[in-house]
Every structure is written in C-alpha cells, then in structure tokens.
Amino acid sequence: MSEATRDIEALIELMARLPGLGPRSARRAVLHLIKKRGKVMAPLAQAMAEVAATARECATCGNIGTADICDICRDDRRATGEICVVEDVADLWAMERGQAFKGRYHVLGGTLSALDAVGPEELGIPKLLTRIRDNDITEVILALNATVDGQTTAHYIAETLEGSGVAVTSLAQGVPIGGELDYLDDGTIQAALRARKKI
Ligand SMILES: [Zn+2]
C-alpha cells in the first residue's frame, strides 16, 4: 500500500468511529469528501479544527458551546425558576428544537447505573441540588429517557428533592419506552412537556 493510500485508509478508520457510521459508510463518506474536497472537505476540516479548539462544556448547565457559560444560561429572557434535567446534550438540543421550554437546563451526562458503577457523584447530582437550592428553583422537570436507568435516575432525584418545596415533574405521554428524546419529533416533545405530571 502506498503512503498516500495509507493516509486515506487512516481517515476512513477515524470516520468509522463516528456513531452511526460503520466501515462501509465511512468509506463512502471519505470518497465523497475527497471528490468534493474544495467545496466540502476543506471547509469541513477548517470548521472541525475551529470547534475542536473552542468547544467546551457550560460551567453552569453542561450544555456544549464555545463560551464558559452557554447562550441559554446567559439569556435573561428565559425563566430562571425552572430547570429541565436531561441525560445528554443531544436531549437538550432536541428540547430546544421543540421550542416548548423557556427555562434553563441541567445535563447529567448519563444515568445512574449500578452495573457501570455510576453513582450520584459521577453524574454531578450534588451540584444540581446546590444549583436548585441557590437559585430559587420552583420546578424541576425530569426529561429523562424511558429506559430503566433513566427512570431510576428520575426517581432518585425526585426522592432527594422530596420535602424541599420544589415541584418535581416529568415529561408525560408520547415518550416511547426506551425512547430517546433526540429521536422524537418536535410536536411529540411539545406535547410531552405540556402534559408533564408531578412525580
Ligand atoms: Zn449553560
């Protein structure tokens, strides 16, 4: 194999690590990029380098942006008394696409899992509780996925907040069992938020 081909093979191997891309689609994507290297590949490479250098987690909510505090946390038109708790940044972005929620978020970065030894500390739940206490939060909306671990996490947070005077609700109908927010259409997310129920 020539030196030049090895570079392309290395690129295909890197692409194949992306979620949803196997070796076959990685190969197809790289071929497409090379054919369109002026219009697509070069700007993509530049954008990736820029975001790789600037992307960071919001120090308050865990959203990903390019500033220490994200746009949502800095937006003073948004309600400050409501926090929507999600597992992953992808879920936060899905909620934002639904445009139904006008409060703030908190990204856990996972779920409690006895199997994988993920406890409240690993998820930053103490930090969430401090944030709730220090910011006069009146409602915590648990938008966690309907998986076993997602629901275990929801119940843990709900129990921890019991007696604190903070209303704890969760997304209602429309969220399929084992469903991930990211895969829901915007209308379903809006309906699930409107019909949220106390837990
Ligand atoms: Zn933020």
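Strands β5 and β6 pair in the parallel sense, over 4 bridges. The model is predicted. The two strands belong to an open sheet of 5 strands, ordered β4-β3-β5-β6-β7, with mixed pairing. The edge strands are β4 (104-107) and β7 (197-198), and each of them pairs on one side only.

**Strand β3 and its two partners**

- Strand β3 covers residues 82-86 and pairs with β4 in the parallel sense over 4 bridges.
- β3 also pairs with strand β5 (residues 139-142), again parallel and over 4 bridges.
- Val 85 of this region faces two ways along the sheet: it stands opposite His 106 in β4 and opposite Leu 142 in β5.
- Cys 84 has Tyr 105 as its bridge partner in β4.
- Ile 83 stands opposite Val 140 in β5.
- Of the 5 residues of β3, 4 are buried, so the strand is largely enclosed by the rest of the structure.

**Strand β5**

- Both faces of β5 are covered.
- Glu 139 and Ile 141 are buried on one side, and Val 140 and Leu 142 are buried on the other.
- Val 140 has Val 168 as its bridge partner in β6.

**Ser 170 in strand β6**

- Ser 170 is found in β6, the strand of residues 167-170.
- Is Ser 170 buried or exposed? Ser 170 is buried, because its relative accessible area is 11%, and the cut-off for buried is under 20%.
- Leaving aside residues up to four places away in sequence, Ser 170 touches Leu 142, Arg 196, Lys 197 and Ile 199.

**Helix α5**

- Helix α5 spans residues 89-98, and its buried residues are Val 89, Asp 91, Leu 92, Ala 94, Met 95 and Gly 98.
- What do the buried residues of α5 pack against? They pack against β2 (64-65), α4 (71-74), β3, β4 and α8 (186-194).
- Two of the elements in that list, β3 and β4, are sheet strands that pair with each other.
- At the start of the helix, a side-chain oxygen of Asp 88 comes to within 3.0 Å of the backbone nitrogen of Ala 90.
- Just after the helix, Gln 99 takes a positive phi of about 55°.

- Val 40, Leu 44 and Met 48 make a nonpolar surface patch of about 250 Å².
- Met 48 lies in helix α3, which runs over residues 37-54.
- Met 48 counts as exposed because its relative accessible area is 53%, and the cut-off for exposed is over 50%.

How values were computed:
Residues are numbered from 1 along each chain as its sequence is written. This is a predicted model: local features need pLDDT of at least 70, side-chain atom pairs count only at pLDDT 80 or more; totals for chains, interfaces and linings use all residues. Side-chain values use heavy atoms; hydrogens and water are left out. Two strands pair if DSSP finds at least two bridges between them. Buried means under 20% relative accessible area, exposed over 50%, partly exposed in between (1.4 Å probe, protein chains only). Contact means heavy atoms within 4.5 Å. A polar contact is a pair of N or O atoms within 3.5 Å; within protein, one must be able to donate a hydrogen and the other to accept it, and residues adjacent in sequence count only if both atoms are side-chain atoms. Patches are made of residues with over 30% relative accessible area and no salt bridge: like charges are joined within 9 Å, nonpolar side chains (Val, Leu, Ile, Met, Phe, Trp, Tyr) within 5 Å. Accessible areas come from the Shrake-Rupley method with a 1.4 Å probe; for residues, only the protein chains shown count as cover. A salt bridge is a side-chain nitrogen of Lys or Arg within 4 Å of a carboxyl oxygen of Asp or Glu.
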